[in-house]
Amino acid sequence: MSSKKKKTDAEAAQVQAAVEVSPDLDVEELEGVGKVTGAKLKEKGFYTVKDVAFASVKELAEIIGNEERALQIIESARKMLGLHSFISALEVYERRKKIRRISTGVRSLDELLGGGIETRAVTEVVGEFGSGKTQLCHQLAVMVQLPEERGGLGAKAIYIDTENTFRPERIMQMARARGLDPDQALNNIFYARAYSSDHQMILVEHAKSIVKQHNVALIVVDSVIAHFRSEFPGRENLAERQQKLNKHVADLLRLADAYDVAVVITNQVMAQPDVFFGNPLRPAGGNILAHGATYRLWLRKSKENIRIVKIFDSPYHPEGEVSFRITEEGLID
Ligand SMILES: Nc1ncnc2c1ncn2[C@@H]1O[C@H](COP(=O)(O)OP(=O)(O)OP(=O)(O)O)[C@@H](O)[C@H]1O
């Protein structure tokens with residue numbers, strides 16, 4: 001083998017190793033960052049390699065007082081995470097083949113989704129009051145626990161509840177209907193109530209350590225936007241709200257991708273003067289959530305207990321809609 005070939009293989013191995021480095025690695029692990037610089041960075045909120053990799057030279061230079069060194073540190077963080085490297089389209093395909101799916105429990109919806117809710121993706125569930133967003137989240141927290149042959153992943157769920165709408169009794173009801181032990185089903189869900197947008201973001205950081213230690217394949221944030229809307233009201237706060245929300249959804253997406261979990265977020269709708277996809281309502285959070293989320297499911301009430309669900313903003317799925325019913329047993333065809 002020529003030395004050139006050997007070098008290419010070695011480089012490839014290096015890139016591979018870089019991609020597998022955890023983005024949560026302490027900032028002091030970076031080349032050129034000792035204890036003193038590390039402490040300065042942490043004081044300003046740059047705790048991990050990921051934080052530095054996405055920082056601007058300007059903000060880092062203000063902390064460490066040297067623009068050239070700031071650039072070097074950012075470059076080394078990006079290199080460590082493999083952010084500089086291109087991958088082949090074949091690898092993209094191989095990565096997509098590793099995506100796992102959680103059945104929604106509604107056959108027609110699973111078919112529309114190509115098998116169910118995907119891991120390594122953020123699925124946004126949007127809909128008006130009472131359209132069934134929380135019911136779908138509850139059902140997924142049960143479905144993920146089922147064995148693979150029954151549409152689940154034999155795994156646990158994390159549930160971040162921002163509006164106090166989580167109902168363990170409903171989980172028990174749905175678990176019983178799917179043949180699971182209701183107490184065990186509850187035991188397999190890590191629950192946290194988020195009291196503010198900051199708390200919600202901190203909980204996502206905590207969620208990482210749970211995901212690392214336990215067999216978690218689903219993270220629910222219901223509703224993702226409620227605190228952001230109440231804390232940043234009006235047009236004058238819109239930019240700040242969107243910026244913060246954008247970071248939150250980006251954190252969720254990185255978590256989904258890095259740990260092979262499905263993230264499901266719910267979003268409210270608001271009235272708008274013009275018509276959005278034939279609907280006088282549009283999702284709160286607008287395009288930021290649309291671009292941050294990988295897929296968007298829109299739920300609508302039909303008559304009685306019937307709900308219509310439509311997929312859009314998906315690069316992979318054909319647009320289409322199906323209906324399901326909400327019953328005592330949960331969501332069914
Ligand atoms: N045990 C049950 N049996 C039958 N239907 C139920 C049951 N529990 C809830 N539902 C149905 O689900 C609806 C509530 O749906 P859900 O709470 O998921 O709405 P949502 O979209 O999350 O609304 P919001 O935006 O207000 O949180 C109820 O109106 C009812 O129709």
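**Close-up views of a predicted model**

**View 1. The loop at R120.** R120 sits in the loop that connects β2 (117-118) with β3 (121-127). Helices (H or I, at least four residues) and strands (E, at least two) are DSSP runs, numbered from the N terminus. This is a predicted model, in which local features need pLDDT of at least 70, side-chain atom pairs count only at pLDDT 80 or more, and totals for chains, interfaces and linings use all residues. Residues are numbered from 1 along each chain as its sequence is written, and side-chain values use heavy atoms, with hydrogens and water left out. R120 is not a glycine, yet its phi is positive, at about 65 degrees. Most residues other than glycine have a negative phi, and most peptide bonds are trans.

**View 2. The peptide bond from D222 to S223.** This bond is cis, and its omega is near -10 degrees. S223 belongs to the loop between β6 (216-222) and α12 (226-231).

**View 3. Surroundings of the ligand.** The ligand is surrounded by 14 residues, of which the closest are F129, G130, K133, T134 and Q135; a residue counts as near if one of its heavy atoms lies within 4 Å. A polar backbone atom of G132 is 3.0 Å from an oxygen atom of the ligand. For Q135, a backbone N or O atom is 2.8 Å from a ligand oxygen atom. On the side chain of E328, an N or O atom lies 3.5 Å from a nitrogen atom of the ligand.

**View 4. Helices α8 and α9.** Helix α8 (residues 133-143) and helix α9 (residues 168-177) have axes that come within 9 Å and cross at roughly 55 degrees. Axes are lines fitted to C-alpha atoms, for helices over the stretch in contact, and angles run from 0 to 180 degrees between N-to-C directions. The two helices are therefore oblique to each other; angles under 35 degrees count as roughly parallel, over 145 as roughly antiparallel, 65 to 115 as roughly perpendicular and the rest as oblique. Their crossing is right-handed, meaning that the near helix is turned clockwise from the far one by less than a right angle. Q135, H138, Q139, A141 and V142 of α8 meet R170, I171, M174 and A175 of α9, where contact means heavy atoms within 4.5 Å. By class, the residues of this contact are 5 nonpolar, 3 polar and 1 charged. Ala, Val, Leu, Ile, Met, Phe, Trp, Tyr, Cys and Pro count as nonpolar, Asp, Glu, Lys and Arg as charged, and the others, Gly among them, as polar.

View 5. The axes of helix α11 (residues 197-213) and helix α13 (residues 238-259) are 11 Å apart, at an angle of about 5 degrees. α11 is therefore roughly parallel to α13. Their contact has 7 nonpolar, 3 polar and 7 charged residues. K244 is part of α13, and its side chain joins that of S197 in a polar contact of 3.0 Å. A polar contact is a pair of N or O atoms within 3.5 Å; within protein, one must be able to donate a hydrogen and the other to accept it, and residues adjacent in sequence count only if both atoms are side-chain atoms. Neighbours within four places in sequence aside, K244 is in contact with S197, D198, M201, F228, E231 and F232.
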